[in-house]
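This report is meant for a reader who is meeting the structure for the first time. It moves from the overall layout to the strands and the core, and then to a few side chains.

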Amino acid sequence: YGTSDAAARLEKLGAKVDAEVGIDTHYLVLGAPEGEDENLRETEAYKRAMELGITVLTERQLSLFLTY
């Protein structure tokens, strides 16, 4: 799934897709790094998700979830 495809599928299933991580967030999906120097675990979204105890999924885990 591409980002917009996954978002559309999730919304069709009743999920709210948002670029911001907050107290109402249930999952954060980590995409692939855009470059060799990018570490997704150093992003503000990841750090915020960890602070709030939000479950973090990889794109592959999301893909498996959406196949059900």
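Of the 68 residues of the protein, 21% count as buried, where buried means under 20% relative accessible area, exposed means over 50%, and partly exposed lies in between, judged with a 1.4 Å probe and protein chains only. The model is a predicted one, in which local features need pLDDT of at least 70 and side-chain atom pairs count only at pLDDT 80 or more, while totals for chains, interfaces and linings use all residues. Residues are numbered from 1 along each chain as its sequence is written, and side-chain values use heavy atoms, with hydrogens and water left out.

**Overall layout**

The protein has three helices and two strands, and from the N terminus on these elements follow the order α-β-α-β-α; helices (H or I, at least four residues) and strands (E, at least two) are DSSP runs, numbered from the N terminus. Among the contacts with a separation of 6 or more, 65% are between residues 24 or more positions apart, a contact being heavy atoms within 4.5 Å.

**Strands and core**

Strand S1 (residues 27-30) and strand S2 (residues 55-58) run parallel and are joined by four bridges, where two strands pair if DSSP finds at least two bridges between them. Leu 28 has Val 56 as its bridge partner in S2. In a regular strand the side chains alternate between the two faces of the sheet. In S1, Leu 28 and Leu 30 form the covered face, whereas Tyr 27 and Val 29 form the uncovered one.

Which residues make up the largest nonpolar core? This core has seven residues, namely Val 21, Leu 28, Leu 30, Leu 40, Tyr 46, Ala 49 and Ile 54, and S1 and helix H2 (44-52) are the elements that give two or more residues to this core. A nonpolar core is a set of buried Ala, Val, Leu, Ile, Met, Phe, Trp, Tyr and Cys residues joined through side-chain atoms within 4.5 Å.

Leaving aside residues up to four places away in sequence, Ala 49 touches Val 21, Leu 28, Ile 54 and Val 56. With residues up to four places away again not counted, Leu 30 touches several residues, including Leu 40, Tyr 46 and Val 56. The C-alpha atoms of Leu 30 and Ala 45 are separated by 9.4 Å, although the two residues are 15 apart along the chain.

**Side chains and their surroundings**

The relative accessible areas of some residues are listed here.

| Residue | Relative accessible area | Class |
|---|---|---|
| Leu 30 | 12% | buried |
| Thr 43 | 25% | partly exposed |
| Arg 48 | 35% | partly exposed |
| Thr 67 | 54% | exposed |
| Glu 51 | 61% | exposed |

The side chains of Glu 51 and Arg 48 meet in a salt bridge with an N to O distance of 3.7 Å, the rule being a side-chain nitrogen of Lys or Arg within 4 Å of a carboxyl oxygen of Asp or Glu. Glu 51 and Arg 48 both lie in helix H2, three residues apart, which is about one turn of the helix.

Thr 43 sits in the loop between S1 and H2, and a polar atom of its side chain lies 3.2 Å from the backbone nitrogen of Tyr 46. Thr 67 belongs to the segment after helix H3 (59-66), and the backbone oxygen of Leu 64 lies 2.6 Å from a polar atom of the Thr 67 side chain.

Conventions
Polar contact = N/O pair within 3.5 Å; in protein donor to acceptor, adjacent residues only side chain to side chain.
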